[in-house]
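Hi,

Here is the structure I promised to pass on. Have a look at it first, then read my notes below.

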Amino acid sequence: MREASRMDKARAKQLAEFFRTLADTSAAPWNASANFTPREPDLHASLAELYDDRLRPLKPGPSYKVELERRIRSPLVTTYLETGVNTGESLRLCSDLELAIGVDPAPKLPPEGFDRPPFRVERKPSDAFFQELFGEGPSDFALDLAFIDGLHVFEFALRDFIGVEALAAHGCTVLVHDVLPRRAAEAARHRFTRSWTGDVWRLPMVLRQFRPDLRVELVAAAPTGLAVITGLDAANTLLIERYDEVVAYGLRLSVMAFLAERDAHVSLV
Ligand SMILES: C[S@@+](CC[C@H](N)C(=O)[O-])C[C@H]1O[C@@H](n2cnc3c(N)ncnc32)[C@H](O)[C@@H]1O
């Protein structure tokens, strides 16, 4: 396992306090896990007519699971964390790693297989996980790879990024799922469509604005894209110190403007 990042006690305390404060008030803004609406095709037709919310498919690319698996199989990756585990389809790819942490308040995992090392399943929202982890002091592991796929609301994905970056080993990569929505309805903060990216697309945009030291690539992985973030700095505190400003900036971005220029943000790799 890679050496744990050299986090000191003061930094762990700062992180625990950040997650404690926000976890207290961080209920999803609307019902972010509601079910899709009945007669969804009719809804899409009226949204297209009213708001020009037409489907903009991504250029065909490999599935996000192929992109994820390729990185999990890298010999440099021994330690992994995923927020949003669901049925464990992506977490199960990590059976050969040394440590694979999955965080989800309501995972739908099979009864066996994830109850032993390398798996460690934390049945709680990611804010509570990070609060408790950092509340215990500096962490004794560092991450080579993380996959953010929990609650698909921008601020939650941002805090997941803050938590995993603080745990990053040198050379760590963070993947963020669902950053290339195909229509505005799919990217709503309140879920009413079957396929739902939420507004996680804002996260790479704010990182490019506030953290130009990071490398933030968008990959057209099917069906709704992946962000690949490298150049992490576990000691960087900017996103915590300027959290309100970062969130306000992200929420001011327009989904229609993003969709209109979406493909220009996608890298060729
Ligand atoms: C899209 S699914 C994850 C799919 C999985 N990563 C895969 O690729 O197979 C999203 C999951 O996020 C979980 N979730 C919802 N709110 C969460 C939170 N606050 N923290 C972590 N996970 C959360 C849900 O319970 C759900 O299982």
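First, some ground rules. This is a predicted model, in which local features need pLDDT of at least 70 and side-chain atom pairs count only at pLDDT 80 or more, while totals for chains, interfaces and linings use all residues. Residues are numbered from 1 along each chain as its sequence is written, and side-chain values use heavy atoms, with hydrogens and water left out.

**A strand on the inside**

Let's start with strand E1, residues 79-83. Helices (H or I, at least four residues) and strands (E, at least two) are DSSP runs, numbered from the N terminus. Five of the five residues of E1 are buried, so this strand is largely enclosed by the rest of the structure. Buried means under 20% relative accessible area, exposed means over 50%, and partly exposed is in between (1.4 Å probe, protein chains only).

Which way do the side chains point? In a regular strand they alternate between the two faces of the sheet. In E1, Thr79, Leu81 and Thr83 point one way, Tyr80 and Glu82 point the other way, and all are buried.

E1 also has partners: two strands pair if DSSP finds at least two bridges between them. E1 and E2 run parallel and are joined by five bridges; for instance, tyrosine 80 has alanine 100 in E2 as its bridge partner. E1 and strand E4 (residues 143-148) run parallel too, with four bridges, and there threonine 83 stands opposite isoleucine 148.

**A buried helix**

How many of the residues of H5 are buried? It is 13 of the 13, so H5 is largely enclosed by the rest of the structure. This helix covers residues 154-166 and reaches 19 Å from its first C-alpha to its last, close to the 18 Å expected at 1.5 Å a residue. The expected span is 1.5 Å times one less than the number of residues.

**Arginine 202**

Arginine 202 sits in helix H6 (residues 202-210). Is arginine 202 buried or exposed? It is buried, with a relative accessible area of 9%. A polar atom of its side chain lies 3.0 Å from the backbone oxygen of glycine 250. Leaving aside neighbours within four places in sequence, arginine 202 is in contact (heavy atoms within 4.5 Å) with Phe154, Gly250, Leu251 and Leu253.

Most residues other than glycine have a negative phi, and most peptide bonds are trans. Two aspartates are worth a look here. Aspartate 52, in the loop between H2 and helix H3 (64-72), has a positive phi of about 55° and counts as partly exposed at 42% relative accessibility. Aspartate 178 has a positive phi of about 70° and is found in the loop between strand E5 (168-177) and H6, but this one is buried, with a relative accessible area of 6%.

Then come the cis peptide bonds. The bond from proline 117 to proline 118 is cis, with omega near 10°, and proline 118 is in the loop between strand E2 (99-103) and strand E3 (119-122). The bond from alanine 222 to proline 223 is cis as well, with omega near 0°; proline 223 is in the loop between strand E6 (215-219) and strand E7 (226-230).

**One on the outside**

At 61% relative accessibility, serine 33 counts as exposed.

Cheers

Methods:
A polar contact is a pair of N or O atoms within 3.5 Å; within protein, one must be able to donate a hydrogen and the other to accept it, and residues adjacent in sequence count only if both atoms are side-chain atoms.
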